Amino acid sequence: MTQPLVPWAPPAARARIDEVAAELGDDLSVAHVAKVARAAIDGHERRLGAEGINLYAGTNSPSPLVRSLFDAGVASRPSMGWPGAKAQTGLDDIDVLEVLAARTVGAVMGAVHAEIRIQSATFANLAVFTALAEPGDTIAVLPEAAGGHNSHHATGSPGIRGLRVVDLPYDVAARDVDLAALPAFLAEHRPTVVVIGASLMLFPHRVEAVREAVDRAGAVLVFDASHIAGLVAGRRFQRPLKQGAHVMTFSTYKSFGGPPGGAIVTDDAALAERISDAVYPGMTANYDPGRLAPLAAAAAEAIEDDGAYPDACIAAARSFAADLAAAGLDVVAADRGFTESHHVAVDASAFGGGAAAAVRLAEAGIYLSAIALPDQDPAAPEAALRIGTQEVTRRGVGTAGLRQVARWCADVLLHGADPATVKAKVRELRGA
Ligand SMILES: *Cc1c(COP(=O)(O)O)cnc(C)c1O
């Protein structure tokens with residue numbers, strides 16, 4: 001292989017792609033491809049599941065039931081159109097899965113209408129922007145430094161829809177939209193859609209107050225609950241629709257614990273119809289129905305679980321945050337008890353920023369990612385490490401285990417411990 005595959009990728013990506021391609025060599029025989037693929041699948045589960053501690057906030061380990069319902073036969077069968085009116089005949093059982101997933105997701109989120117055909121939360125946001133705003137309209141979103149997601153910003157979905165994007169005023173002390181500045185801001189920019197909900201959600205948004213201002217400005221309020229969907233499903237942390245959001249979008253595989261995908265829920269039939277039209281026939285023809293059975297099971301489990309799982313995730317986040325602080329790390333929002341969700345943030349600017357710190361912790365078998373902080377220097381790299389406890393909770397790491405992990409994080413980041421030595425201890429903790 002002589003041509004670089006993606007010469008436009010950033011240097012670190014090009015180096016990694018070249019490294020993997022060189023390891024593969026020129027043997028694309030079925031036997032070799034199957035062997036390499038199997039090894040990667042097994043290695044992935046070993047690294048993150050059996051031997052590592054995964055604190056990455058945007059992930060989860062599905063329950064045994066959810067896992068058991070992933071099915072290659074259904075996943076490889078395209079499905080197009082409404083149940084009862086599909087382009088293909090013979091998909092009567094897919095009809096059942098579609099209705100089951102929409103019913104369970106709507107029920108667990110307390111919403112009448114659930115759009116579950118969309119393959120990611122980014123596409124869910126694009127569908128909502130397509131349905132609710134015309135090219136040239138303005139939408140107002142959280143600043144990226146306050147956790148506003150790429151799919152809310154001009155580089156993502158709104159850019160594809162040709163929307164103008166403005167940053168909502170943000171109150172750093174309140175860690176929320178600046179409610180005092182909001183009415184004048186909305187009057188000036190006249191957005192069609194206002195989006196709240198972020199990639200770091202330590203504390204709830206004050207949705208009722210935002211809705212009041214949004215109503216006076218004649219806009220629609222969208223809450224992106226991608227990270228907190230599992231908490232909302234357990235009626236914990238906050239309930240965006242009940243509190244006044246017109247529409248809620250979310251990822252189905254983060255705290256929600258389902259398969260990768262997106263969903264959109266609302267009680268407003270008129271908005272739901274416009275969103276549905278954007279999804280089909282707008283953004284989907286055939287789609288992968290393999291997500292539906294595991295999604296329905298994740299929703300049903302959340303209904304039956306009645307908040308026990310989100311409670312455990314939140315309790316783990318609060319105790320882990322205290323452990324990290326006790327170990328000497330600079331945990332964000334110490335003045336407010338660190339967190340009310342399953343998220344924790346650690347200021348890592350002393351270690352070269354969140355990404356640099358995450359790389360060192362990965363060498364120790366502890367996996368997570370960086371996130372910006374609203375009060376950081378905008379020119380500096382993302383200042384913090386973001387932690388989510390949803391996977392360690394599912395895997396039963398426990399309070400004592402997490403206390404150990406907090407000490408190991410401090411050993412690596414503050415005390416110059418050898419990551420390989422720590423990695424061996426992590427593996428032992430995981431029983432591998
Ligand atoms: C993760 C995330 C998304 C994107 O979800 P995908 O399913 O990966 O597209 C959207 N919005 C927010 C706030 C997120 O954190």
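1. Start with strand β11 (residues 247-251) and strand β12 (residues 262-266): they pair in the antiparallel sense, over five bridges. If you want a landmark, find V247, which stands opposite T266 in β12. Keep in mind that this is a predicted model.

2. β11 has another partner, β10, and here the pairing is parallel, over three bridges. Look for D224, which stands opposite T249 in β11.

3. How buried is β11? Five of its five residues are buried, so the strand is largely enclosed by the rest of the structure. In a regular strand, side chains alternate between the two faces of the sheet.

4. Next, go to the loop between β10 (220-224) and α10 (229-233), where you'll find H227. Is H227 buried or exposed? It's buried: its relative accessible area is 3%, and the cut-off for buried is under 20%. Leaving out residues up to four places away in sequence, H227 touches a list of residues including A57, S199, K254, H343 and R386.

5. Last stop: helix α15 (residues 354-363). Its buried residues are G354, A357, A358 and L361. Seen down the helix axis, they fall within an arc of 100°, so they line one face of α15. What covers them includes β14 (366-367), β15 (369-371), β16 (384-388) and α17 (398-414). Just after the helix, have a look at G365, which takes a positive phi of about 80°.

Notes. Residues numbered from 1 in each chain as written. Predicted model: local features only at pLDDT ≥ 70, side-chain atom pairs only at ≥ 80, totals over all residues. Heavy atoms only, no water. Buried < 20%, exposed > 50% of the residue type's maximum accessible area, 1.4 Å probe, protein only. Helix = DSSP H or I, 4+ residues; strand = E, 2+ residues; numbered from the N terminus. Arc of directions from axis to C-beta. Contact = heavy atoms within 4.5 Å. Pairing = 2+ DSSP bridges.
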